[in-house]
Amino acid sequence: MDFDIGIVPLPVFVALAALIAGLSATHHITGELAVVIGIMAVFAFALAEVGKRLPVLRSIGGAAVFVTLVPSYLAYQGLVPKAALDSIGGFFDDTKVLSLFIAFVIVGSIMSMDRTVLVRGFARIFVPLLAGSVVALVVGTAVGTASGLGFKHTVFFVVVPIMTGGVGEGAIPLTIGYAGILGAAQGELLARVLPAIFVGNLTAILLAGLLGHVCRRRPDLSGNGRLDAGDGPDLLEGAETAHGGRAAVTAQQVAAAGVTAVTLYLAGVFAHGLFDWPAPVVMLVLAVALKLAHGVTPRLQQGSRFVYDFCLAAMAFPMLFTFSATQTPWRTLVEGFSPAPLLTCVLTVCAMVGTGFLVARRVGLHPAETALVTATHSGMGGAGDIAILTAADRMRLMPFAQIATRIGRRSHRHSGPRGRPHRRSVTALHERLPVNILVLPGDGIGPEITAATLDVLGAADKQLGLNLTYETHDIGFASLAASGSTLPDAVLDRVPQADGVLLGPVSHLDYPPRAEGGINPSAELRTRFKLYANIRPCRSHPDLSILRDPMDLVIVRENTEGFYSDRNMFAGAGEFMPDEDSAFSIRKVTATASERVARTAFELARARRKKVTAVHKANVVKLSDGLFLREVRKVAAEFPDVELEELIVDATAALLIRSPRRFDVIVTTNMFGDILSDEASELSGSLGLGGSVNASDTLCVAQAQHGSAPDIAGQDVANPTSLILSAAMLLDWRGRRDGDDRLQRAAALITGAVSTVLDNPATRTRDIGGTLGTADFAAEIRRTIEHTEVTA
């Protein structure tokens, strides 16, 4: 049976898919190039094949639409193995393969263009681009304002972002400029513009597919990939023989074309490093100059055509899949689908593309091709250009698309001091989104240890280019005095918008009643946002622990039910007194809560020493703990590589002292976990030496294990270790959820630096026998991070 999945023969595809599945199941997915290629090929060509066969969608570039959109959803739902995402994401980030792919396409198309067609195309395309931008600005602003978005919001957070030309070199510099003008957090501003960018790009892809479909019915509207409508050879005819057949291509010609593309690409990179000129534009200008100067020999021209064809056939869909799965956040994309923003985005892009279509013939260009180039003005940079042109089968327009994209980027770049262009750090990821952390310093020593923690996070950010941003709000007594509540609604509204929360300790026992504004921020966040897992690592340090043997374990505690009366009832309290001599406490254990906390524990254990201990009292509370164990065993069946041990809580309390080595990850119900985690922390050194997070599937709150210690507040003597390690856990949680290797590496970097500093008696805080204050201790950790050699 002669049938292909994409470019791969069916038997080979089946074998490759089985091998990738086997590598994933046995945890042997690595960053090796062959593994990366296999993962990208299996997913990309399978999704493209589905897109080509879906009714309706197949007629409007379904393959490109499907491969651009679906991987982001699959990654969000965890349907692509995390190890696979790490593998392809690391390759994509570290090698800048997308930029190299675009270089091959640009050089391959330009080198095989007729010189006259090339010049006419570049000279004339600026008119429809300018006209399309103006009309889109007018139409988008009118629609958004009429839809209730407001004039300023529509212009600055919907229409302009659509035309910035992507995220890394468009939206990020744009919002840095906004932040400087408005005095707002750049991360918050970026979160407001990203939905419009993603929806605008998706609209452009759909319109491109629709244009391709129309052109098959109305060929008079299209140049079949040729932009210029004048006479003369087609864009790519120069690579063909005089008899109309394709000239024979040798391996040497292909290699020469490839090296030429790499050379021009590196020239662009060099110019960007020296002058901050956009590398693709420099490369494009050099390629055009080489062509016009008759520097392209016939054999180089033929080799370039082959390179171009190879890129389209073998690399376009894998590039789109990888970008979608690793660089496109699904939740941000979905935010753009509320009615008013959606309508504004769609009509803005339609106005831009429609204007290009109508203006084309007035300047001697083909309408369909001109509209497609204009559409790339609203694309998401290089990946957006690929998706738009692939949807219409017009990838040969890539040089013109790059001009359209770069116009958007340059016209909206932020200017820094003295009018100089903003220059991003060389460690920043090319299309990297900010990680916005909501910072709530709290009471007592909270502001001091929070400042120390941000100092450490800043060092890790600088080392690995994390693009961390912070949004700080007062809570506790500070906000009670200012707004009448220890946890204002304005703060609660910001929580789900953040990528994580850093919560300082609070003096909730001293707060007034809830009716007078006294709300426990920790408990409120835990219950309102269903933070079902409390995760607390406990690791001993030399001469700080009272244990004979070292301890290195994690306790995962169910956090939303159990005996705790503040969280186990929908209405009313789980604790009551029917008379003055009787008191009742109700214990709530559900299958859902037990299953999800067990899954968290097994996922952690799989990344550690592959053992989970389920702690219970099923010999006495047979029904509730029996239900808990039932769900743990169900989850254990899905993790055959992880050992499950079941242990009664009293024995566990004793064995934590006598034999701490036996434990890796402990999972248990709420009250047992509360008691055991405090015991383990004290045994390992103190409550102040361990991190802690409360997490759900979508939110993580980092919080110190200890209280606010108001008696030592403001004296620079508090130990910030717990909050620093909690912040590292937050980065690790975010990195694992998003498949972001850099965040996970940052967490390990911070944790290692803390251990190094704690293991040296001369660099400890006063509470554990040292001499350093809060700020100096944090500075010591910062210096350790700065002197650690890492690969960005």
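At roughly what angle do the axes of helix H27 and helix H28 cross, and within what distance do they come? I found that the axes of H27 (residues 741-758) and H28 (residues 774-786) cross at roughly 120 degrees and come within 9 Å. Before going on I noted that this is a predicted model, in which local features need pLDDT of at least 70 and side-chain atom pairs count only at pLDDT 80 or more, while totals for chains, interfaces and linings use all residues. I also noted that residues are numbered from 1 along each chain as its sequence is written, and that side-chain values use heavy atoms, with hydrogens and water left out.

**Entry: conventions for helices and angles**

Helices (H or I, at least four residues) and strands (E, at least two) are DSSP runs, numbered from the N terminus. Axes are lines fitted to C-alpha atoms, for helices over the stretch in contact, and the angles run from 0 to 180 degrees between N-to-C directions. Angles under 35 degrees count as roughly parallel, over 145 as roughly antiparallel, 65 to 115 as roughly perpendicular, and the rest as oblique.

**Entry: H27 and H28**

H27 and H28 are therefore oblique to each other. I recorded their crossing as right-handed; a crossing is left-handed if the near helix is turned anticlockwise from the far one by less than a right angle, and right-handed if clockwise. For the contact (heavy atoms within 4.5 Å), I listed Leu749, Ile750, Ala753, Val754, Thr756, Val757 and Leu758 in H27, which meet Phe777, Glu780, Ile781, Thr784 and Ile785 in H28. The residues of this contact divide into nine nonpolar, two polar and one charged, where Ala, Val, Leu, Ile, Met, Phe, Trp, Tyr, Cys and Pro count as nonpolar, Asp, Glu, Lys and Arg as charged, and the others, Gly among them, as polar.

**Entry: H2 and H4**

I then turned to H2 (residues 33-53) and H4 (residues 82-95), which pack at an angle of about 110 degrees with their axes 9 Å apart. H2 and H4 are therefore roughly perpendicular to each other. Leu33, Val35, Val36, Ile39 and Met40 of H2 make the contact with Ala84, Ser87, Ile88 and Phe91 of H4. Sorted by type, the residues of this contact are eight nonpolar, one polar and no charged.

**Entry: H4 and the residue after it**

H4 has 14 residues and reaches 20 Å from its first C-alpha to its last, close to the 20 Å expected at 1.5 Å a residue (the expected span being 1.5 Å times one less than the number of residues). The buried residues I found in H4 are Ala84, Leu85, Ser87, Ile88, Gly89, Phe91, Phe92 and Asp93, where buried means under 20% relative accessible area, exposed over 50% and partly exposed in between (1.4 Å probe, protein chains only). Among the elements that cover them are H2, H3 (62-76), H5 (97-111) and H12 (298-327).

Just after H4, Lys96 takes a positive phi of about 55 degrees, and this residue is found in the loop between H4 and H5. Lys96 is partly exposed, with a relative accessible area of 31%.

Asp393 has a phi near 60 degrees, a positive value in a residue other than glycine. Its place is in the loop between H16 (381-391) and H17 (398-411), and Asp393 is exposed at a relative accessible area of 64%.

**Entry: H21**

Six of the eight residues of H21 (residues 521-528) are buried, so this helix is largely enclosed by the rest of the structure. I listed the buried residues as Pro521, Ser522, Ala523, Glu524, Leu525 and Arg526, and they pack against H20 (489-494), strand E5 (500-503) and strand E14 (700-703).

**Entry: single residues and their partners**

Ser677 is found in H25 (residues 670-684) and is buried, with a relative accessible area of 1%. Not counting residues up to four places away in sequence, Ser677 touches Arg536, Cys538 and Ile555.

Val193 lies in H9 (residues 186-217) and counts as buried at 0% relative accessibility. Val193 and Val158 are 35 residues apart in sequence and 6.3 Å apart in space, C-alpha to C-alpha.

Val134, in H6 (residues 115-146), is partly exposed with a relative accessible area of 46%. Val134 and Met352 are 218 residues apart in sequence, with 8.1 Å from C-alpha to C-alpha.

**Entry: the whole chain**

Among contacts between residues at least 6 apart in sequence, 76% join residues at least 24 apart.
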